[in-house]
Amino acid sequence: MSYSFPEEMKRRSVVGNLAKDLGLEMGALSKRRARIDADGTDKRFCDINLSNGELIVADRIDREGLCKDKASCVLKHELVLENPLELHRITLHVQDINDNSPQFKEEIINIEIQESAVKGARFVIEEAHDADVGQNSVQHYSLKKNDHFILSANENTIEIVLDKELDRENQQELNLLLTALDGGSPQRSGTVVIHVTVLDANDNAPVFSQDVYKASLPENSPVDTVVVTVSAADADEGVNGDVTYEFGHVTDDEKEMFSIDRKLGEIRLIGAVDYETTSSYEIRVKAKDGLGLSSYSKVIISITDVNDNAPVVNLKSLSNPVPENVSPGTEVGIINVQDRDSEKNRQVRCSLQQNVPFKLVPSIKNYYSLVTTGQLDREVVSDYNITITATDEGSPPLSSSKSVHLSVADINDNPPVFEEQSYSAYVSENNKAGSTLCSVTARDPDWRQNGTVIYSVLAGEVNGAPVSSYVSVNGDTGVIHAVRSFDYEHMRSFQVHVMARDNGSPPLSSNVTVSVFISDVNDNCPQILYPAPEGSSFMTELVPKAAHGGSVVSKVIAVDADSGQNAWLSYHIVKSTDPGLFTIGVHSGEIRTQRDISQSDNMKQNLIVSVKDNGQPSLSATCSMYLLISDNLAEVPELKDISYDEKNSKLTSYLIIALVCVSTFFLTFIIIILGVRFCRRRKPRLLFDGAVTIPGAYLPPNYADVDGTGTLRSAYNYDAYLTTGSRTSDFKFVTSYNDNTLPADQTLKKSPTDFADVFGDIEDSPEV
């Protein structure tokens, strides 16, 4: 395949599409490990884009630096494809662009001309040099118009021609401006000033003995070797016949490689020449007499090759490690051998050491395939050190070796195995998120990634939530952590499934069940269901005066959300109006009289009861129980004094705004309305406007007493009714359910201020 493109293209610029030109699919380049190799040099100027098959510029390409002044600049690369191995030669033609301007060797050219020179006399000027080639090189010259000279230029010679005789007495010096122009687009140019000094007669220029000198120089020749001697003769005598030598326009590399003796014309080697870098040099030599006449000759120096480069073994591809189950004859690597010498010196043969199950099979050109010759067994030999030796055919022959380390890969045939069939983890509730629950461990006897175990939690749900929201596992260590804080009251145990997977291909895995058990912590205070918490209502129990010792008068009901001993509740009276009158069951919460009721006992009894659980530390809650020692409500005098102010305190104050009106009629009308409303507000309101049932006490819904006897063992239940105008009258008991107490749904309920009047100063009970 051949591609042509201009020099100095930007990196990653597209030269062509190899996949399209070869008829390959885009994915085939990557699968077959396509790559670009340079031919005979270590530097690659182009590369291949494996994703789309495009041949792209990999490095700066300077045609002048690579091919100097050769008319054609060709780079040779190779496209290598594997599986199967294919080699395609790629020829890259680098086209010149006009990126160099013509340059003269010197900024000023000094010429001395005898004033006796006749019209038509010609004086040779060294031509300009343009690193570009072809049309981009120097195409023509122009001489700025003057009185004495015109320009004559052909392919090889530039001359200024005397068009009008010189007169030294009239003008001793002249400055001529010579311009060299190339044929590129845009056009570039270079100028030089020709300084002419008018002298007396010197009419013969030096003449070289040869137009072209040729010499052969072996590479690696020692410094100061005489390469060739040039010679020029001048027919003039004296100063006009003295000839000196110097290089014409040469490159910087040539200046560093060769020198010329100004008197003898000997060209000597001053640097190290290398055939593999440059195979020939072309130097322009100038001979000049004492008064400035000069002539030019060309010297061509050819560099001959010697066997000074040992072969280089390059490992282009290696399948490492090699699975132990590969069949004999499998290609595991590709070897490329390069020798920078030429002809016989670059002929190379390769070999391997003995006693390895591999061999080298010659392939295309200087490529070899490394293939297996027998069955591999990792348990017998886990890796090989293969030495490849390459020897050239030079005299004396040179050789080099390269060692290739090849490992035998294990096959993943063992799944991870847990050390236990199942795991159990115990954690207390209210644990911190991130705390460790337990650790699981699995072993895999395989090697490296086949034996590397990774732990993960299998997807699932616990109480309708993803299991990942409860626990997580460290993929490397197998340590299981809690993701959240657990609550024993909501969940007492759950199971998760942990998977241990190796890194083999395909991966093997095994699962284990981890049971997580949550233990209870005393984190819930007792909750008192009866009597209702203070602030929502006040509850009063009526105790008959004839109650005997041991009679049940009320009961405190409480529950605890914890379990076990944390939920065992005990009841204690922490404060009472008469400490010796009532007692409470430690475990039942029943309030009983310790003795018979006497006439001297205070009618109003206030008990503060504490309910404690059996946790460590113990949590508690308190409540207040209000008891009235009376046989009927008529004996409670404070109930007669319920004033009208209770309702009146909740009325909203109205702001009456008198609107100033222009019309007297409207003003009078508004005053009458305000007067009527004021009179209505003065009418007294009754506390009870009909038959009113006393509000019932609070009991928890669906509550059932533990012993099945109801809230109280002896029920004191009454229906109480009040009629209009009976605010100051006694209660009338219409129906009696029992002789002892009010029903649960008709317990007297009053505001905190009312009970403050009935029971006096009552201490606030602590918050639950």
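Modeller: E266 touches V226, V228, T229, S259, I260 and D261, leaving aside residues up to four places away in sequence; contact means heavy atoms within 4.5 Å. This is a predicted model, in which local features need pLDDT of at least 70 and side-chain atom pairs count only at pLDDT 80 or more, while totals for chains, interfaces and linings use all residues. Residues are numbered from 1 along each chain as its sequence is written, and side-chain values use heavy atoms, with hydrogens and water left out.

Biologist: Is E266 buried or exposed?

Modeller: E266 has a relative accessible area of 18%, so it is buried. Buried means under 20% relative accessible area, exposed over 50%, and partly exposed in between (1.4 Å probe, protein chains only).

Biologist: Which strand holds E266, and what does its side chain join in a polar contact?

Modeller: E266 lies in strand β21 (residues 266-269); strands (E, at least two residues) and helices (H or I, at least four) are DSSP runs, numbered from the N terminus. The side chains of E266 and R268 are joined by a polar contact of 2.9 Å. Such a contact is a pair of N or O atoms within 3.5 Å; within protein, one must be able to donate a hydrogen and the other to accept it, and residues adjacent in sequence count only if both atoms are side-chain atoms.

Biologist: Turning to cysteines, how many disulfides does a search of the whole structure find?

Modeller: The search finds one, a disulfide being a pair of cysteine sulfur atoms within 2.5 Å. C67 is joined to C73, with S to S at 1.9 Å, and both residues are buried.

Biologist: What is the handedness of that disulfide?

Modeller: The torsion about the S-S bond of C67 and C73 is about 65 degrees, so the disulfide is right-handed.

Biologist: And C46 and C679, buried or exposed?

Modeller: C46 is buried, at 0% relative accessible area, whereas C679 counts as exposed at 54%.

Biologist: Which residues cover the faces of β44?

Modeller: In β44 (residues 540-543), T540 and L542 on one side and E541 and V543 on the other are all buried, and both faces are covered.
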